Each structure stands twice: as C-alpha cells, then as structure tokens.
Amino acid sequence: MSSTTQVAVPNVVLQSSFSMPIIGLGTAAESNTTQPIKQAVLEAIKLGYRHFDTASLYGSEHALGEAIAEALQLSLIASRDELFITSKLWLPDNHPHLVIPALQKSLQTLGLEYLDLYLIHWPMSAKPGIWEIPFQQQNIVPFDLKGVWASMEECHKLGLTKSIGVSNFSIKKLQDLLSFATIHPAVNQVEMNASWQQKNLTEYCKTKGIIVTAYSPLGAKGTLWGSNDVMDSELLKEIAQAHGKTVAQVSLRWLYEQGVTFVVKSYNKERIKENLDIFDFSLTNDDNQKISQIRQERKVKNGPAGFDVADLWDGED
C-alpha cells in the first residue's frame, strides 16, 4: 500500500440514487499512449481520486482499464466498486440500434462488467463508421434523440451502466429530452469554468435534479479548443495570492461552491495532487463578485463539427 495521504473527496447523490465523487480525473489527451495514462490514474487513486472519465473517442479506455486492474492487484483499492467510471457514446454510434453494442465494446475495452455513468457525448449523430474530426457536413445525419435515449434506458435496465446522462446539452435540448424520458438524465457534462460560467444552464439543471459536470474547468489551456483566459487571469491570480492558493485551486473551488462537479485533466503528479487541495478554504463574497465580472466566451463553439451548427446551443450564448 502507498503511504501517500489520501484526500477524502465529497460525493453528490445522483437521481439514480448512486453517489458520484465531485472531482474526476479526465483521460482525454493529445497522445493516448498507455503508460502515461496508467501512471496518472494509479497516482490519482493513491491520492484519493475515485472518479475517472473516459470516452470511446479518447482512445484511453484500454489504458484506464489496465490501471484499474493494476490498482486492484496492488491493493490500492479493495474492489472495482470503489471507483466511479464514466464513458461516452460517440457520434457514429449515436443511433438507436448501435447504443448497446457501443457500450458493450467500451466495457470490453475497459475490462469491466458495468459503468457507473454512460453519457451521450454530443446531441449530434454521424454516419456509422465515420470517425474523422472535425466532421464534415455531409457526414452529419439527423439525431434521433428519442430512439437513442430509449436505448440508453435499456443499457441501464440491462445493468450495463448504473446511471445514464448527457453531455453538451442546452436547456432546450434538455427540455426536449425530459418531455419523453422515462429515466431522467443524471448528469449533463458541459464546458464550464470562470470564463464560461453557464449560470442559466446550471440553474435549470438544479431545478430538474440534473447534476452538472464541468469539463475544461481550467479553460483547457494548451488544447486546440481551449484558451489561457482562466489560468492567465490577473483577477484570479490576485484572489489566489490572497488565499495562498494557485489559480487552478481558486478556479476549482469556485466550481465546487457553485454546486457542480468537475473533471480535471493532468498527468503531472504535483498538479494531480494540487487539484485536490481545495477543501481548506472558501471564497469570499468579494471574490465571487469579482469572478462574476470575468469576460465570458464559449470555447467549444461547434463541437466536433467543422462547420457552423446553427442549433447546437439553441441561442444560449
């Protein structure tokens, strides 16, 4: 067993009655070589992370599965049930007849019997077998939300996943889904950080009992879609200095105090540890007032499409 001091990460209870840790480690990366992902996951488990986020798109399911198997072998965890594993349905599989096979494939790649959460990655569908990103207009086809969600509900009924949810859904798309869903989405995972605060969406989700999970919680600096708006913010630097914390810690603490969960990605041991160290301070009313004044801009504008998707956000910008 590692002697590393573990952080007790708080949980939220989903509509499905299962608990989800508020902090997750993301496994999306520019390079999906197995070893760095495995090492990051093992280090994260030693530090106290129990939620790991992947997707068929990321190419990291196999590495995550290997890390889980090794964590069990090393007795870092007593059983797989201690972990909360999220994966996602990608656009070419976003068709009613392909949902269950896609989830079964993810489970096989992960080496797991079930997921804790399975998400519709985007409210869009592509022609089956077409994986090139960005997607061209001729490869995007109508999205059968009702049919796909029925198959997601079937995944839940079959025990392939404990909870189901969505990602990148606007208020309007959630309203559409809730108008016919038998099982309501437990989670909506969306871009959210100090420079894209999603206040209307988070308030709506709270009224419906949907937990919001923020991706790119630090602005995704260094990625193709991200920016330096969060990490290079002079305002956030001032707040961080006043609390003896880093900009990342202030940014994650802000999300925590908004009542949302978040998935943060780093393969650096010290930053993985730093991102957990947010529970020993609170932001002041003055801090929150200043953060609310930060200029807002969505970074992920058209999702995985290489063209303007007019109804993707339903005018919520």
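Strand E8 (140-141) and helix H5 (171-178) each supply at least two residues of the lining of the second largest pocket. That is my starting point today. One caution before going on: this is a predicted model.

So, the pocket. The volume of the second largest pocket is about 280 Å³. There are 17 lining residues, and the closest to the centre are Pro123, Met124, Phe143, Lys173 and Asp311. Which helix gives the most to this lining? H5 does, with three residues.

Next, strand E12, residues 261-264. Thr261 and Val263 point one way from E12. Phe262 and Val264 point the other way. In a regular strand, side chains alternate between the two faces of the sheet. Are these four residues of E12 buried or exposed? All are buried.

Which strands pair with E12? Take E3, residues 23-26, to begin with. Three bridges join E3 to E12, and the two run parallel. Look at Gly24: the bridge partner in E12 is Val263. Now E11, residues 211-215. Two bridges join E11 to E12, again parallel. Here Thr213 has Thr261 as its bridge partner in E12.

On to the lysines. Lys38 sits in helix H1, residues 34-47. Why does Lys38 count as buried? Because its relative accessibility is 11%, and the cut-off for buried is under 20%. What does Lys38 touch, beyond neighbours within four places in sequence? Ala63, Glu66, Ala67 and Glu70. With Glu70 there is also a polar contact between the side chains, at 2.9 Å. One more distance for Lys38: Ala71 is 33 residues away in sequence, and the C-alpha atoms are 9.8 Å apart.

Last, Lys269. This residue is in helix H9, residues 269-274. Setting aside residues up to four places away in sequence, Lys269 touches Glu43 and Leu47.

To recap. The second largest pocket takes three lining residues from H5. E12 is joined to E3 by three bridges and to E11 by two. Lys38 is buried and makes a polar contact with Glu70. Lys269 touches Glu43 and Leu47. That is all from me.

Key:
Residues numbered from 1 in each chain as written. Predicted model: local features only at pLDDT ≥ 70, side-chain atom pairs only at ≥ 80, totals over all residues. Heavy atoms only, no water. Buried < 20%, exposed > 50% of the residue type's maximum accessible area, 1.4 Å probe, protein only. Pairing = 2+ DSSP bridges. Contact = heavy atoms within 4.5 Å. 1 Å grid on protein atoms, 1.4 Å probe; cavity = no way out; pocket = protein on both sides within 12 Å on 5 of 7 lines; lining within 4 Å. Points joined across faces, edges and corners; volume = space filled by probe spheres on them. Polar contact = N/O pair within 3.5 Å; in protein donor to acceptor, adjacent residues only side chain to side chain.
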